[in-house]
Amino acid sequence: MASPEHKGLAPFTRESLEVMEQHSAIKHSEEHKEDLKPNTDLEAGKELPFVYGNLPRAMVSEPLEDVDPYYKNKMTFIVLNKKRTVFRFSATWCTLSPFNSVRRTAIKILVHPFFQLLILISILIDCIFMSMTDLPKWGPALQNTLLGIYTFEILVKLIARGIWAGSFYFFGDPWNWLDFSVTLFEHISRYSPPNFISIFQITRNLRILKIIPLNQGLKSFVGILIHCLKKLTGVIILTLFFLSIFSLIGMGLFMGNLKHKCLRWPQENETETLHNRTGNSYYIRETENFYYLEGERYALLCGNRTDAGQCPEGYVCVKAGVNPDYGYTNFDSFGWTLLALFRLMMQDYPEALYHQILYASGKVYMIFFVVISFWFAFYMASLFLGILAISCEEEKQRAAEKAKKIEPELQQALMELQEGNKAAETKTTEIEMKKRSSTSMITSLDMLDDATIRHKEELRKSRKRCPFCWYRFAKTFLIWNCSPCWLKLKEFVHMIIMDPFTDLFLTICIILNVHFLALEHYPMSLETNNILNIENQVFIGIFTAEMIFKIIAMHPYGYFQVGWNIYDSLIVFHGLVELYVTHCHGLAVFRSFRVLRIFKLGRYWPTFKILLLTLGNSMMALKDLVLLLFTFIFFSAVLGLKLFGSNYKIYVCNIDEDCQLPRWHMHDFLHSFLNVFRILCGEWIETLWDCFKVAGQFSCIPFYMMVILVGNLLVSNPCFKIFLENCIVVWHFHNVDL
């Protein structure tokens, strides 16, 4: 809520600017300290609180005095659009005067919702064209149009906010730096040599991120991610330190061991020709001389220890050839060892690496992998979650302290609002009495305050949510009070259906129904199928009887006022419809909706209900996070397409003998999107090897590390945080109810 010191909304005039300059000069001369902080409810981008009343049309898109006491002497003013969104601007140097007609026009354009909608539509169109491999003929013309719109946006922001780098200036916002840089690079690419065009085209993909500042929810979640990153800085450094330590240990233990292979070597009874071939220095390099298991691409690994892999008869274990997995899995240098251990930490196909080391070095080294798995997969992950939980608790404490400070202000504001409502109602009543008593008061009625008339309309609408005929219909047909006999029957049914033992019986029926649903399998015998059909009809009958009895006990009007009753009725109607359409061809999908009956337990099982509420609140809180995750995946897919798309087509023979694109590639947007999604799911090492073969290590590793770290470690962590917050809130309210 706003501070109680506010004096309402007032236009920002030259006198206001002079008063602010005088206060600012006095403040600098006295050098006294004020314990004021910005009001979070009056931040730029948020809606103006309701305690400031209605927004007159004359004040829309016009400079107003800042209502936040913190900015009283900060030489700022605010502008509100039709949606009451707060825009804060600076009134000091490096800008045009707030009373300059050019700047006022730029501010009106900037705060208008249509301008933001135009930018959003332009970005979405640009995203569509970024995902296309081949542009249509009119594509360049459209790109020039979009570039003109982005340039116009930057000019409007520069004029409206100024060119300085302080607060509320153009260069004081990092998102404006992004817009300016991308637009500048695109202008430069129009006149740059062909060798540099590809570099500038890649930077053009950053324009996808312009969607984030246009949505306040996305922008706030980016702030949460940055806050989480700051909290996790120490853990990240500690993780890199331990990765480096274990990498050095791994190099000392396994360097060169993954090149051990079983080489065919002549025995005493072999022919002289084979003896002559082994004397050739190139014999050991020929891959056909290694031992391969059936269906395997790489030669069988072996070791010189007794507990390592042994070669079959006629073969000896030598260090020759290349490392497995195209030569990318090894412990021969610090970089490759670090990649292998990072793969183990992320648990991506770790069993293959376990087998390779055990075959080449011995089973005793399994201890090394157990320590790594425990240390990174459990200890470090717990440390990550623990720090997030501590951060969540700190934010809860700050929110509680803020609520304690705001509560008196909120009560005072509500009291003032209630007094205003009562005064408005009294004034409206007097107006109606005067209208009835005399027609001479029409002139005075036209001079009434707009807020009073608007309150009267809102009060009238709130009291009449539905047409009056609906209430007459409900009272006549949906409330059954026919006769004394019917009322006695109603009381008897109410006593039975509301009994706790009835709830226990229904709970048992739901659990049994779920148990029978779990007994379905394929193929089923005719006898089993008949038994399951009979039990389904029995439970449908029980649930139908429950619905009928509750309608009798509560009347239809009262029955459908409860959300759980509506859900129960939908389950019953689905079961009845299923009895008629289950034998129809193509409509057997109705059977899959039977599983929804398990959620009926939420009515009779409080703990299950709390879990459902927690999940529901978490999903509502995650809607912006899901949109942010999709934006990141889309950006990564487009970036992968621009970086590696052509390489997959040119160097396809490096990864496939038939020169055919593999299933996972980035030559088009769809496969690039699926590849990024697979990386986020934790399976990335195999596609990274293919990327190495077509694009090289120095371009693939930064891209993959960006997707893995930002996607898995930063985007998924707020999910835990939001779920924890909602879980605590739901459990708190449950305990209060108890």
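User: How do the residues lining the second largest pocket divide into nonpolar, polar and charged?
Analyst: This is a predicted model. In it, the lining divides into 15 nonpolar, 4 polar and 10 charged residues.

User: How much space lies in that second largest pocket?
Analyst: About 900 Å³.

User: Which of the lining residues are closest to its centre?
Analyst: Glu296, Arg297, Tyr298, Asp325 and Trp689, out of 29 lining residues.

User: And which elements give two or more residues to that lining?
Analyst: Helix H12, residues 350-361, and helix H25, residues 685-695. H25 provides the largest share, with 5 residues.

User: Switching topic. What is the strand order in the open sheet?
Analyst: The order is S1-S2-S3, so named for its 3 strands, and the pairing is antiparallel.

User: Which strands are at the edges?
Analyst: S1 (63-65) and S3 (86-90); each of these pairs on one side only. From one strand to the next, the twist averages 45°.

User: How many bridges join S1 and S2?
Analyst: There are 3 bridges between S1 and S2 (residues 76-80), in the antiparallel sense. In one of the pairings, Glu65 has Phe77 in S2 as its bridge partner.

User: What holds strands together in general?
Analyst: Strands of a sheet pair through backbone hydrogen bonds.

User: Which helix packs on this sheet?
Analyst: Helix H2, residues 101-111, which touches S1, S2 and S3. The direction of H2 makes about 150° with that of S3.

How values were computed:
Residues are numbered from 1 along each chain as its sequence is written. This is a predicted model: local features need pLDDT of at least 70, side-chain atom pairs count only at pLDDT 80 or more; totals for chains, interfaces and linings use all residues. Side-chain values use heavy atoms; hydrogens and water are left out. Two strands pair if DSSP finds at least two bridges between them. Helices (H or I, at least four residues) and strands (E, at least two) are DSSP runs, numbered from the N terminus. Axes are lines fitted to C-alpha atoms, for helices over the stretch in contact, and angles run from 0 to 180 degrees between N-to-C directions. Contact means heavy atoms within 4.5 Å. On a 1 Å grid over the protein atoms alone, a cavity is a set of points where a 1.4 Å probe fits but cannot get out, and a pocket is an open set with protein on both sides within 12 Å along at least five of seven lines; lining residues have an atom within 4 Å of a point. Grid points are joined across faces, edges and corners, and a volume is the space filled by probe spheres set on the points. Ala, Val, Leu, Ile, Met, Phe, Trp, Tyr, Cys and Pro count as nonpolar, Asp, Glu, Lys and Arg as charged, and the others, Gly among them, as polar.
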